[in-house]
Amino acid sequence: MAAPEPLVAISAPTLEQAASFWQVVIEQQLIIRVPAQRSPINNFTAGPSMSKRATELPVVWKEKKAPKCVSMRNILGMQAVQRDSIDIITRQKQRLRAQLNRGCRALDFYAGFYMQGSKDGKLCEDRDQIHARTGAKCEIDKFKLMVPVREDD
């Protein structure tokens with residue numbers, strides 16, 4: 001077995017040499033996690049017992065026109081409620097249905113989603129993507145404001 005080569009001392013570059021080839025790059029990336037709330041589509045641990053909440057009448061929602069963007073700061077949580085859309089719950093207790101683009105499944109977002117911070121601080125339809133922990137990435141096609149309605153309306 002041959003002996004290892006000796007270490008060679010390297011002198012530190014002079015200030016002029018260092019300025020000519022050293023570069024510092026600073027990047028900032030903001031990732032926001034939005035937790036999921038249980039819904040019939042993602043409640044894998046549901047037991048046979050019926051809770052008081054489950055025996056109440058289900059809420060009926062009506063879709064209304066919604067803004068094209070929602071402030072990321074106002075997003076509190078989400079629920080997967082349909083096959084191709086998720087409901088985003090805001091700090092003002094509003095519910096926005098986010099229609100996912102073609103081929104995306106709401107079930108991929110059973111554990112919530114991540115979104116990358118944008119310059120304007122908003123999550124917008126036809127612009128931004130949400131990321132699932134499973135690796136799925138989906139763009140939001142459309143937002144709809146969900147308003148609870150009484151059964152007799």
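Is R127 buried, exposed or partly exposed? R127 is partly exposed, because its relative accessible area is 40%. Buried means under 20% relative accessible area, exposed means over 50%, and partly exposed lies in between (1.4 Å probe, protein chains only).

## About the model

This is a predicted model, in which local features need pLDDT of at least 70 and side-chain atom pairs count only at pLDDT 80 or more, while totals for chains, interfaces and linings use all residues. Residues are numbered from 1 along each chain as its sequence is written, and side-chain values use heavy atoms, with hydrogens and water left out.

## Overall build

The protein has 2 helices and 10 strands. Helices (H or I, at least four residues) and strands (E, at least two) are DSSP runs, numbered from the N terminus. Read from the N terminus, the order of elements is α-β-α-β-β-β-β-β-β-β-β-β.

Of the 153 residues in the protein, 27% are buried. The accessible surface is about 11800 Å², and carbon and sulfur atoms hold 53% of that. Accessible areas come from the Shrake-Rupley method with a 1.4 Å probe; for residues, only the protein chains shown count as cover. Now take contacts between residues at least 6 apart in sequence: 58% of them join residues at least 24 apart. Contact means heavy atoms within 4.5 Å.

## A hairpin and its residues

Strand 4 (residues 75-82) and strand 5 form a hairpin, with 2 residues between them. The two strands run antiparallel, joined by 6 bridges. Strands pair if DSSP finds at least two bridges between them. Within this pairing, Q79 stands opposite D87 in strand 5. In a regular strand, side chains alternate between the two faces of the sheet.

S85 belongs to strand 5 (residues 85-90). S85 counts as buried because its relative accessibility is 0%. Which side chain makes a polar contact with the side chain of S85? The partner is Q82, at 3.0 Å. A polar contact is a pair of N or O atoms within 3.5 Å; within protein, one must be able to donate a hydrogen and the other to accept it, and residues adjacent in sequence count only if both atoms are side-chain atoms. Beyond its neighbours within four places in sequence, S85 is in contact with A80, R97, A98, Q99, L100 and A106.

## Salt bridges

Side chains of opposite charge can pair when their charged atoms come close. How many salt bridges does the structure hold? There are 7. A salt bridge is a side-chain nitrogen of Lys or Arg within 4 Å of a carboxyl oxygen of Asp or Glu. One of them joins the side chains of D87 and R97 (2.6 Å, N to O). This pair links distant parts of the chain, with D87 in strand 5 and R97 in strand 6 (residues 95-100), 10 residues apart. Both D87 and R97 are buried.

R127, from the opening question, has a salt bridge too: its side chain meets that of D120 (3.0 Å, N to O). D120 counts as partly exposed because its relative accessibility is 41%. Another salt bridge pairs K142 with E125, their closest N and O atoms 3.8 Å apart. K142 sits in strand 10 (residues 137-149), and E125 sits in the loop between strand 8 (122-124) and strand 9 (129-131), 17 residues apart. K142 is partly exposed, at 36% relative accessible area. E125 counts as buried, at 9%. Through shared partners, salt bridges join K68, E125 and K142 into one network.

## Disulfides

A disulfide is a pair of cysteine sulfur atoms within 2.5 Å. By this rule the protein has 2 disulfides. Counting bonded cysteines along the chain, the pattern is 1-3, 2-4.

C69 and C124 form a disulfide, with sulfur atoms 1.9 Å apart. The torsion about their S-S bond is about 110°, so this disulfide is right-handed. C69 lies in strand 3 (residues 69-71) and C124 in strand 8, so the pair ties together parts 55 residues apart in sequence. C69 is partly exposed at 27% relative accessibility, whereas C124 is buried at 4%.

The other disulfide joins C104 to C138 (S to S 2.0 Å). With -110° about the S-S bond, this link is left-handed. C104 is in the loop between strand 6 and strand 7 (113-116), and C138 is in strand 10, 34 residues apart. C104 is buried at 12% relative accessible area, and C138 is buried at 1% relative accessibility.
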